[in-house]
Amino acid sequence: MTTAVKIRDLSYAYPDGTAALAGVNLTVEAGASFGLVGANGAGKSTLLLHLNGLLCGNGTVEIFGEAVTKATAKKIRRRVALLFQDPDDMLFMPRLEDDVAFGPRNLGLAEEEVAARVRDALAATGLEGLERRSPHHLSLGERRRASIAAALALKPDVLALDEPTANLDGRGRRELGELLTSLSGTKIIAGHDLAFVGRLCAEVAVLAAGKVVALGPADKILGDEEILREYGLA
Ligand SMILES: Nc1ncnc2c1ncn2[C@@H]1O[C@H](COP(=O)(O)OP(=O)(O)O)[C@@H](O)[C@H]1O
Ligand SMILES: [Mg+2]
């Protein structure tokens, strides 16, 4: 099996001294859908920010065997797409198609290739027909899918999503779940929507106070009332 993400003894404190990660060890195999659950403040977002070098703590993070450092971050970001919790942090162009084209254009790809990637990404996310719409005139569910389209246009090997179901209604959650299920590649889904994580992920880690406190098959971990209560998830 190929290992997509290998995290060893990762610790991180924010500049104000807040210890957000305290010795995290995690392995995610290539092609897996991995859930990262934990109460607010557990360190989920901080951990995701280490996957593509937006933060660099003590310890090591490897993506397909390559260490994430300040020097490799740019290259790593082509392989790891990180989707922030708020899609509006990732959509800033006047038209949807320009947002999706932004990444590939930045890679210096030929316009033909950019157009093909935009088309494929919008088709994969069910957004065809909305190319010229302003992202601000899309529903939250559509904007979330638009941010995934922008990520897919980069053809990443790892898709890391931070609280992807936040504020979505039932239909938005279902559509997002179907979309993510249809995507191949390695997925890491962080959040506290346990039903969603349980549906999509085979393996789950519970994070609490910056540590992995439980790790195992999703049905076992998410079915363990004691764990869920102890770590603020139920
Ligand atoms: N920019 C920041 N500066 C200082 N502390 C932060 C910052 N962002 C998050 N934290 C703190 O780091 C810890 C982990 O936060 P976070 O990774 O956002 O957790 P989660 O995503 O699981 O809710 C919390 O104690 C939080 O208050
Ligand atoms: Mg968070």
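Biologist: Let's start with Asp-98: buried or exposed?
Modeller: Asp-98 counts as buried, with a relative accessibility of 15%. One thing to keep in mind throughout: this is a predicted model.
Biologist: Got it. Which side chain does Asp-98 meet in a salt bridge?
Modeller: That would be Arg-95, at 3.3 Å from N to O. Arg-95 is partly exposed, with a relative accessible area of 30%.
Biologist: Okay, what about Glu-97 then, which side chain does it meet in a salt bridge?
Modeller: Glu-97 pairs with Arg-132, and the N to O distance is 3.8 Å. This pair links distant parts of the chain, 35 residues apart: Glu-97 sits in helix 3 (residues 96-106), while Arg-132 is in the loop between helix 4 (111-124) and helix 5.
Biologist: And how accessible are those two, Arg-132 and Glu-97?
Modeller: Arg-132 is exposed, with a relative accessible area of 60%, whereas Glu-97 counts as buried at 15% relative accessibility. Through shared partners, salt bridges join Arg-95, Glu-97, Asp-98, Arg-105, Glu-111 and Arg-132 into one network.
Biologist: Nice. How many salt bridges does the structure hold?
Modeller: There are 13 salt bridges. One of them brings together the side chains of Arg-79 and Asp-157, at 2.6 Å from N to O.
Biologist: Changing topic: what surrounds ligand 1?
Modeller: The residues around ligand 1 include Tyr-14, Asp-16, Thr-18, Ala-20 and a run from Ala-39 through Asn-40, Gly-41, Ala-42, Gly-43, Lys-44 and Ser-45 to Thr-46. Helix 1 (residues 44-51) gives the most to this shell, with 3 residues.
Biologist: How do the shell residues divide into nonpolar, polar and charged?
Modeller: The shell around ligand 1 has 4 nonpolar, 6 polar and 2 charged residues.
Biologist: Which side chain has an N or O atom 2.5 Å from an oxygen atom of ligand 1?
Modeller: That is the side chain of Thr-46. Ser-45 also has a polar side-chain atom 2.8 Å from an oxygen atom of the ligand. With Gly-43, a polar backbone atom is involved, and an oxygen atom of ligand 1 is 3.0 Å from it.
Biologist: And how much of ligand 1 does the protein bury?
Modeller: Taken alone, ligand 1 exposes 560 Å², and the protein buries 63% of that.
Biologist: Let's look at strands. In which sense do strand 9 and strand 10 pair?
Modeller: Strand 9 (residues 203-208) and strand 10 (residues 211-217) pair in the antiparallel sense, over 6 bridges. If you want a spot to look at, Val-206 stands opposite Ala-214 in strand 10.
Biologist: What happens in the hairpin of strand 9 and strand 10?
Modeller: The hairpin has 2 residues between the strands, and Ala-209 there takes a positive phi near 45°. Ala-209 counts as exposed, at 66% relative accessibility.
Biologist: Where is Glu-163, which has a positive phi although it is not a glycine?
Modeller: Glu-163 is in the loop between strand 7 and helix 6 (170-182), and its phi is about 45°. Glu-163 counts as buried, at 12% relative accessibility.
Biologist: Last one: what about Pro-164, buried or exposed?
Modeller: Pro-164 is buried, with a relative accessible area of 4%. Pro-164 lies in the loop between strand 7 and helix 6. Its C-alpha atom is separated by 19 Å from that of Gly-31, and the two residues are 133 apart along the chain.

Definitions and conventions:
Residues are numbered from 1 along each chain as its sequence is written. Chains are lettered from A and ligands numbered from 1 in the order in which they are written. This is a predicted model: local features need pLDDT of at least 70, side-chain atom pairs count only at pLDDT 80 or more; totals for chains, interfaces and linings use all residues. Side-chain values use heavy atoms; hydrogens and water are left out. A salt bridge is a side-chain nitrogen of Lys or Arg within 4 Å of a carboxyl oxygen of Asp or Glu. Buried means under 20% relative accessible area, exposed over 50%, partly exposed in between (1.4 Å probe, protein chains only). Helices (H or I, at least four residues) and strands (E, at least two) are DSSP runs, numbered from the N terminus. A residue is near a molecule or strand if one of its heavy atoms lies within 4 Å of it. A polar contact is a pair of N or O atoms within 3.5 Å; within protein, one must be able to donate a hydrogen and the other to accept it, and residues adjacent in sequence count only if both atoms are side-chain atoms. Accessible areas come from the Shrake-Rupley method with a 1.4 Å probe; for residues, only the protein chains shown count as cover. Ala, Val, Leu, Ile, Met, Phe, Trp, Tyr, Cys and Pro count as nonpolar, Asp, Glu, Lys and Arg as charged, and the others, Gly among them, as polar. Two strands pair if DSSP finds at least two bridges between them.
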